[in-house]
Amino acid sequence: MQVTIKVFGKLRHYMPAGNSAGNYPINFKLGETLEQLLTRLPLPKDRAYLVLHNDNKIDVEQLASTAISESDDIIVLAPVKGG
Amino acid sequence: MSWQQQILRVNLTTGNCDIEPLNMAWANEYLGQRGLGSKYLLEEMDPSVDSLSAENKLVIATGPLTGTMASTGGRWSVITKGPLTDAIACSNSGGKFGAELKLAGYDLVIIEGKSEKPVYLHIENEKVELCDASEVWGKTVWETEGLLQKKYSDPLMRFASIGQAGEDLCRYACIVNDLHRAAGRSGVGAVMGSKNLKTIAVRGTVGVKSANPEHFMKTVNAVNARMNDREGMSRDGTLDMIDVTNSIGSLPTRNNRQVRFEGTEKLNPSAMQSPNENGHTNLITNGACFGCTIGCGRICKIDPTHFSVKDKPQYHKASGGLEYESAYALGAACGVDDIDAATYAGFLCNEYGMDPISLGGTIAAAMELFDIGAITEKDTGGLKLEFGSAQALVTISEMTARSEGFGKEIAMGSKRLTAKYGHPELSMSVKGQEFAGYDGRSMQGMGLAYATNNRGACHMRADPYESDFDTTEIEGKAAIVKNSQDEISFIDSSGLCLFPGGCGWTLSDYLELVDGACEGTWDMDRLKQTGERIWNLERQFNLLAGLSRADDTLPKRILEEPAEVGIGKGLVCRLGEMLPEYYELRGWDEEGRPKADTLARLGLN
């Protein structure tokens with residue numbers, strides 16, 4: 001199965017080149033959690049991310065208990081300050 | 001020490017230009033730039049004066065670190081009573097002008113009175129003169145700088161000018177320096193225009209001295225090494241934010257009717273950096289202000305085949321492009337997803353001297369008035385001022401810049417415009433100043449920050465970002481807003497930029513630089529008390545100007561209409577719960593007035 005993750009902000013540049021829109025399809029197995037999925041992304045592990053799952057903010061402690069499906073809307077962000 | 005210890009006082013009524021010693025007691029209490037300029041303004045001027053009268057003063061202020069080797073040490077501010085807000089205005093800019101003014105030997109320039117005829121101020125170190133500006137009055141910022149640059153034949157001369165918007169007293173006219181940096185908010189350019197002052201041209205070779213240069217440079221290098229997370233800001237600029245706010249549902253769209261814009265992918269960093277269907281790429285390179293090691297500025301080109309510039313080769317060159325705030329205001333706020341149209345409107349802001357946030361916010365309000373039928377094509381001169389129309393954005397921006405037709409109405413700002421047409425609730429502003437690109441329903445702390453900011457709605461005077469991205473619960477927000485307001489007041493008074501704070505620096509790094517450059521000991525307690533003193537001084541100015549608790553509020557839409565999507569779905573801004581706690585933390589009474597013991601503690605009584 002496949003789900004598309006959107007990666008925005010500074011994190012975009014850790015992702016494979018050639019996808020300027022920030023959309024990254026990723027394969028997953030039935031029963032996998034959001035935490036397992038995110039672990040497979042080539043993102044730095046020492047950062048705090050903002051993760052949105054179907055428009056809900058997911059706290060770090062919720063990642064391991066959040067199941068995913070193909071139609072999910074998943075966004076990973078590195079918040080920045082405005083200007 | 002890094003203060004020049006002298007100010008330049010320019011009386012436009014008499015034509016006198018006098019150099020005076022800086023009040024060092026005040027410098028030690030208010031540091032410089034925003035704090036020191038505000039202190040001078042309140043000491044010298046009745047805050048109840050008409051902002052566009054000769055009685056208003058214009059303070060051009062540098063900080064102790066402006067013009068030094070400290071990274072981002074090029075900031076300067078304009079402090080005055082703002083025509084947009086009738087409150088204290090402090091508008092902060094970068095570029096190279098501020099450092100040049102400091103290098104000419106001045107901490108502050110205080111401009112008072114009104115010239116009978118248009119003039120410009122020419123400063124070369126201690127040589128100061130007011131010159132006839134008839135050759136540049138009526139010209140754009142870009143034309144003015146070009147003509148004067150040619151006249152003086154000095155490529156290192158720096159200029160801060162108003163365009164026609166300032167001359168025509170547009171309520172959000174700005175002062176533009178170095179072609180595309182600006183003291184942008186609150187209408188400081190209209191104050192300059194009201195005084196018949198077109199430009200300040202400055203060249204400085206005096207330099208800035210430090211009491212212990214070796215120690216200072218070691219500090220600069222050590223602190224620079226800690227700015228270790230700047231790559232994203234250099235590459236994507238502040239525009240990076242647009243995907244964040246859009247994702248969480250905090251991107252004000254169509255005059256805050258919505259909080260998410262479906263056209264974001266046409267305005268974001270990817271869109272800016274990718275070739276369009278003609279093979280044209282908007283972003284050319286990044287740009288940096290004096291001494292900056294980040295370089296967040298966007299240098300962009302409009303597609304020469306785009307309808308906005310097709311027959312206008314003067315706009316085919318690279319210039320200051322969209323930042324996050326201008327992309328929000330000239331894009332999402334108006335429902336426009338055309339990056340070239342928004343870039344063109346941004347170019348006009350730089351060229352004619354207008355604040356893009358307030359221009360976009362006012363056009364958005366006008367589009368909503370048009371949408372509900374409160375204004376019609378009869379009012380707009382035939383222009384269909386519809387949400388989403390790039391053509392309408394371009395045309396009304398041109399009309400406003402040139403003060404033509406309905407553009408004169410847009411130049412009033414959204415508060416005056418919506419009141420005139422019977423719908424004051426449609427102005428997305430605080431104290432008359434238009435919102436920045438954040439929605440106070442999904443970002444509750446930002447809602448409180450907007451409401452309480454001394455210069456009206458603004459995203460740069462508090463730092464609730466991390467907290468707001470983390471939770472929409474309001475517990476602790478009042479303290480976060482209050483404390484960050486104080487800390488930012490200090491940074492805004494130092495000559496440094498806020499953005500290193502998002503690139504690796506902590507408050508301690510700013511403090512270390514100030515302590516390394518200034519005499520005496522600057523520790524964290526002194527930093528926080530200085531910031532709190534500045535905030536309360538600004539509040540005093542506003543109270544004396546006639547503002548009150550009633551002005552610490554938000555538009556009805558943010559207080560009563562729940563957000564439809566995002567992390568703030570179903571929420572309104574809970575300002576009524578946060579504001580009393582905020583006042584208490586500030587040591588203010590229930591009406592928002594600083595209590596006697598608060599004033600005494602801060603040395604303000």
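Helix 2 of chain B lies across strand 3, strand 4, strand 5 and strand 6 of chain B and runs at about 30 degrees to strand 4 of chain B. Contact here requires that the C-beta atoms of two residues, placed from the backbone, lie within 7 Å; axes are lines fitted to C-alpha atoms, for helices over the stretch in contact, and angles run from 0 to 180 degrees between N-to-C directions. Helices (H or I, at least four residues) and strands (E, at least two) are DSSP runs numbered from the N terminus. The model is predicted: local features need pLDDT of at least 70 and side-chain atom pairs count only at pLDDT 80 or more, whereas totals for chains, interfaces and linings use all residues. Residues are numbered from 1 along each chain as its sequence is written, and chains are lettered from A and ligands numbered from 1 in the order in which they are written. For chain B the pLDDT (the predictor's confidence in each residue, from 0 to 100) averages 97, and 100% of the residues score at least 70. The model has an ipTM of 0.88 and a pTM of 0.97.

Six strands of chain B form an open sheet with mixed pairing, in the order 2-1-6-3-4-5; two strands pair if DSSP finds at least two bridges between them. Strand 2 (17-21) and strand 5 of chain B stand at the edges with a single partner strand each, so one side of each has no neighbour in the sheet. Direction ignored, neighbouring strands of this sheet are turned by 20 degrees against each other on average. Within the sheet, strand 3 (residues 58-62) and strand 6 (residues 108-112) of chain B pair in the antiparallel sense over four bridges, and B:Ala61 stands opposite B:Leu108 in strand 6 of chain B.

The assignment for chain B gives domain 1 (6-203), domain 2 (253-427) and domain 3 (445-601), with bounds taken from an automatic or database domain assignment. The C-alpha centres of domain 1 and domain 3 of chain B lie 26 Å apart, and 38 residues of domain 1 of chain B are in contact with 31 residues of domain 3 of chain B. On the side of domain 1 of chain B that touches domain 3 of chain B, helix 2 of chain B gives the most, with seven residues. By class, this side of domain 1 of chain B has 12 nonpolar, 19 polar and seven charged residues (Ala, Val, Leu, Ile, Met, Phe, Trp, Tyr, Cys and Pro count as nonpolar, Asp, Glu, Lys and Arg as charged, and the others, Gly among them, as polar).

Two helix pairs of chain B were also examined. The axes of helix 12 (residues 339-352) and helix 15 (residues 390-401) of chain B come within 9 Å and cross at roughly 5 degrees, which makes these two helices of chain B roughly parallel (angles under 35 degrees count as roughly parallel, over 145 as roughly antiparallel, 65 to 115 as roughly perpendicular and the rest as oblique). Their contact has nine nonpolar, one polar and one charged residues. Helix 20 (residues 477-491) and helix 22 (residues 524-545) of chain B pack at an angle of about 95 degrees, with their axes 7 Å apart; helix 20 of chain B is therefore roughly perpendicular to helix 22 of chain B. The contact of helix 20 with helix 22 of chain B has four nonpolar, four polar and four charged residues.
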